[in-house]
Every structure is written in structure tokens, then in C-alpha cells.
Amino acid sequence: MSSNNLNLTLKVWKQKNSQDKGQFETYQVKDISDEMSFLEMFDVLNEKLIAEGKEPVTFDHDCREGICGACSMYIDGKPHGPWLANTVCQLHMRAYKDGDTVTVEPWRANAFPVIKDLMVDRSAFDRIIQAGGYISVNTGNAQDANNIPIEKQLADDSFAAAACIGCGACVAACKNSSAMLFLSAKVSHLALLPQGAIERKTRVLNMIAQMDAEGFGACTNTGACEAVCPKEISLTNIARLNQEYLLAGLTAEK
Amino acid sequence: MLNSKIPSGPLAEKWTEFKGHCKLVNPANKRKLEIIVVGTGLAGASAASSLGELGYKVKAFCFQDSPRRAHSIAAQGGINAAKNYQNDGDSVFRLFYDTIKGGDYRAREANVHRLAEVSGNIIDQCVAAGVPFAREYGGLLSNRSFGGTQVQRTFYAAGQTGQQLLIGAYQSLERQVALGNVDMYARHEMLDIVIIDGKARGIIARNLVTGKLERHFGHAILLCTGGYGNVFYLSTNAMGSNVTAAWKAHLKGAYFGNPCFTQIHPTCIPVSGDHQSKLTLMSESLRNDGRIWVPKKQNDNRRPNEIPEEERDYYLERRYPAFGNLVPRDVASRAAKERCDAGYGVGSSKQAVYLDYADAIHRYGKGEVNKRNLHNVSEEEVVKLGKEVVKEKYGNLFDMYEKITGENPYEVPMRIYPAVHYTMGGLWVDYELMTTVVGLYCLGEANFSDHGANRLGASALMQGLADGYFVIPYTMGNYLADDIMTKAIPTDHPAFVEAEKAVADRINRLMNIKGKQTVESMHKRLGKIMWEKCGMARNEAGLKEAIVEIQALKKEFWRDIRIPGSIEEMNPELDKANRVADFIELGELMCLDALNRRESCGGHFREESQTEEGEAKRNDEEFSYVAAWQYAGEHQWQLHKEALNFEVAKPTQRSYK
Ligand SMILES: Cc1cc2nc3c(=O)[nH]c(=O)nc-3n(C[C@H](O)[C@H](O)[C@H](O)COP(=O)(O)OP(=O)(O)OC[C@H]3O[C@@H](n4cnc5c(N)ncnc54)[C@H](O)[C@@H]3O)c2cc1C
Ligand code: SF4
Ligand code: FES
């Protein structure tokens with residue numbers, strides 16, 4: 001393993017709160033090991049800023065393993081940065097060269113207002129789930145798990161959709177700020193399973209209605225979302241969502 | 001006197017007996033009872049949704065921006081259940097027995113038996129809620145094995161089991177939010193418990209976005225706030241995992257059980273430098289198929305692929321032929337440390353051992369050749385097929401390893417080293433999961449209850465969901481049934497005012513120190529003391545030093561910390577300072593507990609107490625008890641002992657040979 005040290009220029013979005021207009025600040029970081037993660041590089045920056053009596057940069061993060069979906073930075077025009085199928089917390093400094101300038105912004109979407117600096121409010125996603133992203137079973141009295149055999153392929157496809165971490169990169173990448181990839185992942189996860197098929201019609205109608213109410217834009221099938229999704233959620237899920245929606249629209253009794 | 005409220009009667013009938021006789025609250029009264037659930041990981045989300053379904057008025061809190069991001073999301077390997085779907089001899093009794101033995105006979109039999117009894121229901125419940133567990137071609141659920149057992153009872157969803165289980169519980173929780181039964185407060189941190197007439201009646205929480213303090217009333221309070229492994233600074237826990245909620249409860253009278261019982265997980269990615277902010281686990285499930293080894297020669301600098309088979313020491317297979325690479329975690333971790341300390345470690349730091357998949361890739365490749373009825377297959381083809389199988393089973397873990405280290409684990413063995421992972425200790429609770437504060441309950445990793453001195457893999461998820469889905473909905477009745485006449489207490493009650501003022505004062509004090517050192521740097525120093533003196537091996541002299549050092553660190557912290565920004569805004573440095581201040585106090589108690597326990601058991605290895613072969617030596621005559629510590633003022637604690645009685649699983653020296 002090589003360990004090289006980098007000096008970088010960072011242009012970072014600073015915004016005091018949701019009312020503030022916000023602006024870019026430029027920072028220099030020195031002696032960054034290429035074995036660091038991108039967020040560890042921000043830790044170094046923040047330690048330095050605090051020591052200098054300045055305000056550190058606020059950003060969301062928790063697991064730092066690419067699974068909680070908290071981290072969310074728009075780096076040089078790409079949600080989660082340059083690596084494919086990756087979250088920022090998993091991005092490592094090997095991706096950069098000495099002397100690089102890196103621009104870091106928050107997710108930008110009307111439905112995700114900025115809380116501070118790089119941290120945004122993604123509670124709209126929770127409310128979309130509240131609209132129907134579940135199976136209506138109460139605790140207790142479920143039948144034996146192996147009484148519901150599920151074809152392996154279906155179970156695998158459902159799992160692949162359920163792997164969505166709710167990060168919102170798909171929204172940030174989309175020029176319309178559409179949440180279709182996120183929504184379609186949830187609809188697919190549940191609709192593909194026999195347990196979830198029962199509520200499939202109301203689920204898709206209600207979730208889409210909520211998505212519209214939250215102010216996410218329409219989907220024009222550009223595919224920018226799929227390209228940045230850290231969990232490689234596929235566009236075929238959107239196709240499935242559209243089918244589900246059509247089916248539900250045709251047969252829903254209102 | 002500690003009353004663990006264990007029901008009488010034969011072990012296997014206690015829970016049924018309890019359920020048959022515990023008090024019930026009728027539906028009309030449930031609507032009048034308010035319950036606060038702090039924490040919405042697996043334990044909290046399952047509890048909050050189940051209680052909401054029953055009709056209680058629930059308020060749930062978490063510090064992340066959404067309950068879906070709780071630390072539970074990161075669990076990789078799987079969840080145990082005594083389903084015996086594999087027909088390999090599993091049963092409720094065996095799961096119970098393995099857990100007691102794995103915990104080195106320091107857990108309560110009655111709790112563990114109940115856990116094993118409800119384990120099957122958890123799988124049923126999760127499947128009904130749409131958790132996409134791995135399946136076989138016939139459509140039935142698939143199982144894998146995990147350390148410390150000889151049966152296959154672990155259910156999984158690739159290397160993302162925690163994620164899938166949490167999403168299941170989260171969805172049920174959001175359904176209850178939509179139905180109006182649960183009010184969810186995300187980005188909120190509980191900073192104190194309010195006690196009125198000796199009962200827990202509310203909390204003080206800080207809205208992390210506005211920085212404002214809030215008062216919330218509850219007839220009962222559930223702490224489901226996870227483990228405290230981050231006291232070591234570096235651990236596999238999420239960055240935000242902390243002890244604050246449990247610690248505040250401790251200061252208000254809840255005893256802390258076995259605080260020194262920490263799990264050091266054998267297979268994590270080694271530390272790469274001072275910048276390291278956390279450590280990444282490589283799931284224990286990898287030990288199913290991977291083989292662990294070091295070179296037979298000390299300071300061997302050859303690349304792993306250049307070291308011939310006969311010059312490799314598969315030390316776990318050598319020392320523990322019966323369990324081999326699947327010995328429990330504490331045993332595997334110590335064995336790795338032993339080899340590295342003796343000079344056989346690998347990688348640039350020499351603080352690592354190899355986890356090698358070459359054999360497994362080959363074996364799976366051969367299996368595919370047979371299954372697909374292929375002939376004249378080249379070695380390369382076999383390896384290719386094998387890699388595909390390994391990718392399906394562990395792909396996300398291998399990808400994660402490559403992202404972090406820049407090395408491809410399909411080609412070269414992974415380098416791994418033990419890291420802090422889980423805390424068996426936690427708030428002391430009785431059989432009903434109530435702490436020593438009346439009306440205050442504790443669930444999931446935050447309590448001390450089921451894992452003794454060492455937790456077996458895939459049993460934390462099981463415990464969290466058991467507590468939340470199947471235990472607390474019953475046991476709370478015993479308390480709440482007598483509380484139906486209590487009206488909601490207005491939050492201008494003096495106890496609320498006083499508690500809020502104490503929290504505000506402390507925050508002001510922290511902000512006004514205006515010293516020179518960052519919270520992060522102090523946390524790192526605490527972690528170093530803990531890891532070196534209260535880590536994988538502990539001794540009397542070291543622990544005594546650690547206590548002195550931690551006390552000094554505490555003084556320094558309160559004199560010299562610097563927190564930027566202001567109180568009434570989003571201020572992560574302030575949140576962190578609040579948490580680290582509590583970790584420092586906890587660190588002292590952990591060392592005190594480790595000092596008191598002059599035996600080795602499970603993850604607690606006292607160097608003074610080992611067998612000639614270097615295995616942990618228990619001392620049942622003197623230490624067959626739960627150490628429950630009562631806070632008695634700064635730097636002072638009183639020890640209470642809950643004697644452990646083993647009626648069914650008679651303690652023997654643990655052997656995995
Ligand atoms: C990397 C990793 C892999 C693991 N893999 C496995 C596995 O394969 N199988 C297994 O069985 N176990 C595994 N474990 C262990 C298991 O994941 C945890 O023990 C378990 O998920 C803990 O669940 P919990 O609900 O108790 O707590 P958590 O999931 O930690 O949830 C804590 C909750 O409390 C909230 N909270 C904490 N403090 C406060 C406060 N002051 N105010 C408000 N809210 C607060 C948090 O926001 C969060 O919602 C793993 C652990 C790690 C670290
Ligand atoms: S679909 Fe992908 S990008 Fe969108 S929220 Fe889910 S994981 Fe993130
Ligand atoms: S911090 Fe959890 S996904 Fe990045």
C-alpha cells in the first residue's frame with residue numbers, strides 16, 4: 001500500500017440556516033493521506049477550523065460504512081462524488097491528486113431544504129413511506145415463515161430494490177428533482193413479494209400523491225438517478241412503478 | 001436489594017406462566033396512557049410500533065434525521081432463530097444453551113430462555129412485514145452458520161441483514177405514525193430523565209436543529225438507545241452511537257450492569273493511521289468460509305500469495321480443532337492478538353492477520369461444476385465460478401473492503417484485526433426489562449441482560465427485536481395496569497422545570513469553557529486509555545492507572561474544551577461534547593468494574609486469571625454474579641450483586657477444542 005499526501009483546495013457551501021442565502025468558502029487542507037476517507041478529510045478540516053476559532057462545516061454522517069444513507073455531499077457536480085456505486089463516506093482520497101480543487105455542495109432540491117451548510121432536511125422521504133411504504137401487519141400471530149415460499153429470483157429482486165438507503169442522491173442528480181427512483185425501489189421491494197402484493201394498488205397511488213405533495217418534480221426518464229445511486233437501484237424499478245401505477249389507476253375503485 | 005422478578009417454576013415454563021398471569025390494560029385505558037420511546041433502532045422501532053398498534057399513545061425520539069438510519073442498519077451477518085429448518089438438531093434449548101455458554105455463564109438463565117423461545121416468532125413477523133431474507137431455489141429460507149455454534153440457525157439478507165430488519169421495523173413504525181398512534185421526533189436528543197414521586201415521568205430533549213430544550217411527559221419511558229462501544233473512540237459503531245441516555249438514567253438512579261463487558265470483534269479492517277475515525281467490521285459470517293492464518297515465520301515480509309501452504313499457520317484450526325475458525329469472538333480476538341504480539345502479524349503495521357478466501361472460492365467453484373454438470377473445466381473456470389458464488393454471499397462486504405483498502409479480496413487475502421464492537425454491559429433490568437428506576441425500561445443493546453460476558457454473533461438483532469416486538473408489550477402491563485388513574489402530568493410541574501434548568505446550565509457551562517482543545521482530540525485520548533488499559537487484556541496495575549488518568553482527563557475536559565458556534569442552532573460539536581463528557585464518566589466506571597472482577601470471563605480477560613494455555617479462567621465461587629453499580633456521587637459507586645443461579649445449564653469451563 002502506498003501512502004501519499006495531498007494538498008487540496010476545497011470550495012465548500014456554507015449556509016448558516018434555512019433562511020440564510022449561503023455562499024462558497026475556500027479552504028486549504030494540507031498533508032491529507034490518500035488512505036483517508038473523504039469525510040475524514042473533512043474531520044481534519046474541521047479540527048483545523050475549530051483550532052483557528054472558526055466555524056466548522058456541518059454535514060450529515062453516521063455509519064461511515066455506506067449503509068445508513070446519512071452522508072450526502074454533492075462533489076464536483078456529482079452526488080456522492082466520482083466513484084461509481086458509492087457513498088461519500090466510502091469515497092477515499094486515493095481518488096484525488098495533489099493540487100486538486102474540489103467543490104462541495106449540499107443536495108439541492110425544493111423538497112430538501114438546507115438545514116445548515118451541507119446538511120439538508122430529507123423528512124419528505126419519511127412522509128412518502130408513511131403514505132404506504134409498508135405492509136399492514138401488526139405484531140404477533142404471523143404464520144410460520146416457511147409457509148410463504150417465494151421464488152428465489154423474486155426474493156432476490158425484491159432484496160435488490162430494498163437495498164435503497166434513502167440517501168436522496170437520485171433526487172440531487174435529477175434536473176427535475178424527481179424522487180421516482182427512491183419511490184420505485186420501495187414499491188418494487190413490496191410489490192414483488194406475495195405478502196406485499198395485497199396492498200399494491202393503494203400503496204402506489206398514495207405514495208405518488210405524497211411525492212407530488214412534497215414538491216418533487218416529474219420523471220422524464222433521463223437516468224441521471226441510476227448513474228449516481230450508491231446501491232445501483234435500477235431504472236427497471238421505475239418501469240415497474242409505472243406499470244403498477246397504470247394497473248392501479250385502471251382498477252382502483254374510488 | 002435487587003429484585004430480578006424472575007417467575008418461579010421450571011425454566012421452560014416461566015415465560016408462558018408469566019404471560020398467563022401478567023396484568024392487562026384494557027383498550028380504552030391504553031388510549032389514555034402515554035409512552036416515551038427513546039431510540040428507534042431495532043429495539044425502539046419494534047417497541048414503538050408494537051405499542052402503537054396496541055393503542056398506547058407513543059412518542060418516539062432519535063438523534064438521526066430519520067429512524068431508518070439507526071446504528072442497527074449496519075448489522076451485516078444475520079439473526080439467529082431456533083427454527084431448526086435445516087434439521088440439524090437445533091432447538092429452543094440448544095439456542096438457550098449456546099447463548100449461556102457463549103456468554104461464559106454470566107447471563108440470567110430465565111431471560112436467555114425467553115429469548116430463545118420467541119426467536120422463531122421474530123422470523124415469522126419479519127417475513128410477514130416483507131423482510132426479503134435470503135432464500136433457496138425451492139423458495140424456502142436459507143441459513144448460514146455463525147461463531148460459537150454447531151448448527152445453521154442464522155437467517156440473513158446478504159451482508160445487509162440489519163438494514164433489511166430495520167427497514168421492516170421502520171416501515172411498521174411509519175405506518176403507526178401515519179395512523180396517528182406514534183409521534184416521531186427525529187433529530188432530537190434526550191438529555192435527562194424527569195422523576196416525579198420516585199417514578200420516571202418524562203424526559204428533557206434537545207431539538208438538534210433549533211437547539212431548543214423540550215419537555216415531554218410519559219407514564220412510562222423506554223430507553224432503546226444502543227451500546228456504548230464508542231467510549232473507545234475507535235469502534236465499529238456508528239459515529240453518533242453514545243451512552244448519554246443510559247448515563248443520565250444512571251445518574252438518576254438506574255444501576256449500571258457489568259459495564260466492563262465489552263466485545264472485541266475479531267474480524268475488522270485494521271487501523272491505517274491517526275486520521276482514522278472509525279473501524280469497519282468484516283462480518284463474522286466471513287469466518288464460515290474464510291480461513292484465518294499468519295506466516296509460521298516471525299516478521300515474514302513476503303506477500304501472502306508467495307507464502308506456500310506449509311509455511312502458513314492456521315492457528316484457530318490448530319488450537320481449536322472442534323470449532324476451528326468458528327470459535328466465539330472473544331476466543332478468536334485473543335488468539336489474533338496473541339499471534340501479533342508474538343511477532344507473527346502481517347501488513348505494514350504488523351497488527352493484522354489474514355482472512356483467506358482462496359480455498360472457499362475453489363470449493364464453491366467445484367460445487368458449481370458438479371451442480372451444472374460441466375466437464376473438462378479449467379482451473380481458471382473453476383475459480384471464476386467460485387468467485388461468483390462468493391460474490392452472491394458476501395459481495396457487499398468484499399466491495400466495502402476494496403473501497404477502504406484499495407485491495408481486491410477476491411485475489412489477495414484480507415487483512416483483519418480485532419476491534420471494539422458491542423457492549424454486553426448496560427443498564428441493569430429485571431425480567432420485565434424495568435431498570436431500578438420505577439417506570440423506566442431499557443431494551444436492546446442498551447441493557448445488560450442476555451449476553452453475559454460475551455455475545456454470540458447474530459444474537460443482538462434477535463435480542464433487540466425480541467425485546468421490542470414480543471417482551472415489552474407484555475411486561476409493561478404489570479406496571480401500567482396500576483397507573484391507569486394517573487393523569488398526564490403537565491410539563492410545568494417543578495420537576496420538569498428543575499430538570500430542564502439543570503440541562504440548560506450544563507450546556508451553558510460547556511459552551512463557556514472556551515478553552516483550547518477540541519472535543520474530538522479529548523475523545524481520542526479517552527479511547528486510547530480505554531483500549532490500552534481496559535481493552536482486550538486487563539490487569540490490576542493498568543486499570544488503576546487508567547482510573548487516575550480518566551479522572552485527570554475529566555478535569556482537563558471541563559477546563560479546556562472549545563466548542564464553536566452557539567447553543568440555539570444546529571451545532572454538532574456541542575452535541576459531541578455532551579456525549580464525550582458522559583463517555584469520560586462511564587470510562588471510569590468501566591475500569592472500576594474491570595478492576596473489581598478479578599476473574600477472566602468471556603470478553604473480559606484479566607491477565608492475572610488465565611489457564612496454562614492462556615485461556616480465560618473463570619472464578620465461579622467468587623464472581624458468579626451480575627455487578628450492578630449504583631451511582632453515589634462524583635467518582636463514587638456502590639456495588640450491588642445479583643447472584644446468578646444456574647439450574648439447567650451447569651457452568652463448566654468453556655472449551656471449543
Ligand atoms: C458493524 C456492525 C455489525 C453488526 N452485525 C450484527 C449481526 O450481524 N447480527 C447481530 O445480531 N448483531 C450485529 N451487530 C450488533 C447490532 O447491530 C446492535 O447491537 C443492535 O442493532 C443494536 O440495536 P438497538 O436497537 O439496541 O440500538 P441502535 O440501533 O444503536 O439504536 C439506538 C437508537 O437510539 C437513538 N438514541 C441514542 N441515544 C439517544 C438520545 N440520547 N436521545 C435520542 N435518541 C437516542 C438513536 O438515534 C437510535 O435510534 C452489529 C453491530 C455492528 C456495529
Ligand atoms: S434510490 Fe439510490 S440514490 Fe435514491 S435514495 Fe435510494 S439509494 Fe439513494
Ligand atoms: S455515513 Fe452512513 S452511508 Fe455514509
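Which domains does the domain assignment of chain B give? In this predicted model, chain B is assigned domain 1, spanning 265–416, and domain 2, spanning 501–618. Let's look at how these domains meet.

The C-alpha centres of domain 1 of chain B and domain 2 of chain B are 33 Å apart. Where they touch, 7 residues of domain 1 of chain B are in contact with 9 residues of domain 2 of chain B. About 650 Å² is buried between domain 1 of chain B and domain 2 of chain B, with carbon and sulfur atoms giving 50% of that area. On the domain 1 side, the residues that lose the most area to domain 2 of chain B are B:Asp330, B:Arg334 and B:Lys337, which together make up 63% of what that side buries.

Here are the counts for this pair of domains in one place:

| Item between domain 1 and domain 2 of chain B | Count |
|---|---|
| Salt bridge | 1 salt bridge |
| Polar contact (both residues at pLDDT 80 or more) | 4 residue pairs |

The salt bridge count between domain 1 of chain B and domain 2 of chain B is 1. B:Arg319 forms a salt bridge with B:Glu615, and their closest N and O atoms are 3.2 Å apart. Turning to the side of domain 1 of chain B that touches domain 2 of chain B, helix 10 of chain B (residues 329–341) supplies the largest share, 4 residues. By residue type, that side of domain 1 of chain B divides into 5 charged, 1 polar and 1 nonpolar.

Notes:
Residues numbered from 1 in each chain as written. Chains lettered and ligands numbered in written order. Predicted model: local features only at pLDDT ≥ 70, side-chain atom pairs only at ≥ 80, totals over all residues. Heavy atoms only, no water. Domains from an automatic or database assignment. Contact = heavy atoms within 4.5 Å. Buried area = accessible area lost by both parts, 1.4 Å probe. Salt bridge = Lys/Arg side-chain N within 4 Å of Asp/Glu carboxyl O. Polar contact = N/O pair within 3.5 Å; in protein donor to acceptor, adjacent residues only side chain to side chain. Helix = DSSP H or I, 4+ residues; strand = E, 2+ residues; numbered from the N terminus. Nonpolar A, V, L, I, M, F, W, Y, C, P; charged D, E, K, R; others polar.
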